[in-house]
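These are my notebook entries on one protein model. I set down what I looked up, in the order in which I looked.

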Amino acid sequence: MIGGGEQARDASFDPGLGIAFEGCACRAAFHVGAVEWLTENGFRPAAVAGASSGSLVAAALATNRDDRLREAWMELVGSAVCDWRRLLRARWPFRMTEIVAGAAQHHFGDAKMTDAVVPLGIAVTVWDNWHFERRVITGRHQLRIAAVVQASCFVPGPYWQMVPVEGCPTFDGAWLERVPVDDVERLGAEKVIACVSNGDGRLLKGALRTVESSPQADYRVLSPIEPLALGAYDFDVARSLEAFAIGRASAAAFAERNREWLMRT
């Protein structure tokens, strides 16, 4: 049975369940806590997808590295996003490129999208034929996971290095759709958990003018049960640990609330 609370126990999750992770920059620490609780209670996804920072969590889960997610995130905690002294050396002061690229390379190395043990999708936004187009990189692409994650996170300003995908300028994978719910279904899941960082559980799309997204898949939203104090580019230690804890508690509450939908049929 799937149960609430922090105590891990045997679970009978539906094997057709997949999970999609919202792109929400450093607030994805919430995803880390949610994944911890779900996997400790027996969840193994049929497919996973993520956009932007959510791609880091999705890739870890899809390559059986989820047990190291907290450790990986804590290596980032305390990082300074901006160092104005870099201007004296004619370097861009914002450090998100180094932070994300270093973490992705350290934890995924030369692993390729084809190395995922469950179907994995990472959303990117490419500039092609004079317009932005959303694409999802999967195991059909012979690309390194670390490179695709870095490409999916690129936002001009906080990041200075773009990683082109398939010869196209590539930007944040959450620009056109923040939570890749339907992509998880297309990868083979029958039902999808949508993991988002906003407390009202909204699925949003749009980089500048956000609107509600309406996925076609059979999905339920896993959102924080209390507000996250963690900001978008915020590696504060205490707030990160609090986000982990809220993620765990929110996953437990989600499981209790959606018991029948989550259980094996």
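Helices (H or I, at least four residues) and strands (E, at least two) are DSSP runs, numbered from the N terminus.

I note that this is a predicted model, in which local features need pLDDT of at least 70, side-chain atom pairs count only at pLDDT 80 or more, and totals for chains, interfaces and linings use all residues. Residues are numbered from 1 along each chain as its sequence is written, and side-chain values use heavy atoms, with hydrogens and water left out.

**Entry 1. The α4 and α5 pair**

I began with α4 and helix α5 (residues 145-153), whose axes are 8 Å apart and which pack at an angle of about 155 degrees. Axes are lines fitted to C-alpha atoms, for helices over the stretch in contact, and angles run from 0 to 180 degrees between N-to-C directions. Angles under 35 degrees count as roughly parallel, over 145 as roughly antiparallel, 65 to 115 as roughly perpendicular and the rest as oblique. I therefore recorded α4 and α5 as roughly antiparallel to each other. Their crossing is right-handed. On the α4 side I listed T97, V100, A101, A104, Q105 and F108, and on the α5 side I145, A146, V149, Q150 and C153. Contact here means heavy atoms within 4.5 Å. I sorted the residues of this contact into 8 nonpolar, 3 polar and no charged. In that sorting, Ala, Val, Leu, Ile, Met, Phe, Trp, Tyr, Cys and Pro count as nonpolar, Asp, Glu, Lys and Arg as charged, and the others, Gly among them, as polar.

**Entry 2. The α1 and α7 pair**

I next asked at what angle the axes of α1 and α7 cross. Helix α1 (residues 29-40) and helix α7 (residues 237-257) cross at roughly 45 degrees, and their axes come within 6 Å. That makes α1 oblique to α7. The crossing of α1 past α7 is right-handed. The residues in this contact comprise 12 nonpolar, 4 polar and 3 charged. Among them I noted F30, W37 and L38 in α1, and F244, I246 and R248 in α7.

I asked how many residues of α2 are buried. The count is 10 of the 10 residues in helix α2 (residues 53-62), so this helix is largely enclosed by the rest of the structure. Buried means under 20% relative accessible area, exposed over 50%, and partly exposed in between (1.4 Å probe, protein chains only). The buried residues of α2 include S53, L56, V57 and L61. Just after α2, N64 has a positive phi of about 60 degrees.

I then examined S52, in the loop between β2 (48-51) and α2. S52 is buried, at a relative accessible area of 7%. Setting aside residues up to four places away in sequence, S52 touches G23, S152, C153, D172, G173 and A174.

**Entry 3. Two further buried loop residues**

I found V81 in the loop between α3 (69-76) and α4 (96-108). V81 counts as buried at 14% relative accessibility. Residues up to four places away in sequence aside, V81 touches P93, F94, R95, M96, I99, Y233 and F235.

I found A111 in the loop between α4 and β3 (120-128). A111 counts as buried at 11% relative accessibility. Beyond its neighbours within four places in sequence, A111 is in contact with R65, R144 and I145. A111 and A147 are 36 residues apart in sequence, with a C-alpha to C-alpha distance of 10.0 Å.

I noted A25, a residue other than glycine with a positive phi near 55 degrees. A25 lies in the loop between β1 (17-21) and α1, and is partly exposed at a relative accessible area of 22%. I also noted E166, again a residue other than glycine with a positive phi near 55 degrees. E166 lies in the loop between α5 and β5 (170-171), and counts as partly exposed at 48% relative accessibility.

**Entry 4. The chain as a whole**

Buried residues make up 56% of its 265 residues.

How values were computed: A crossing is left-handed if the near helix is turned anticlockwise from the far one by less than a right angle, and right-handed if clockwise.
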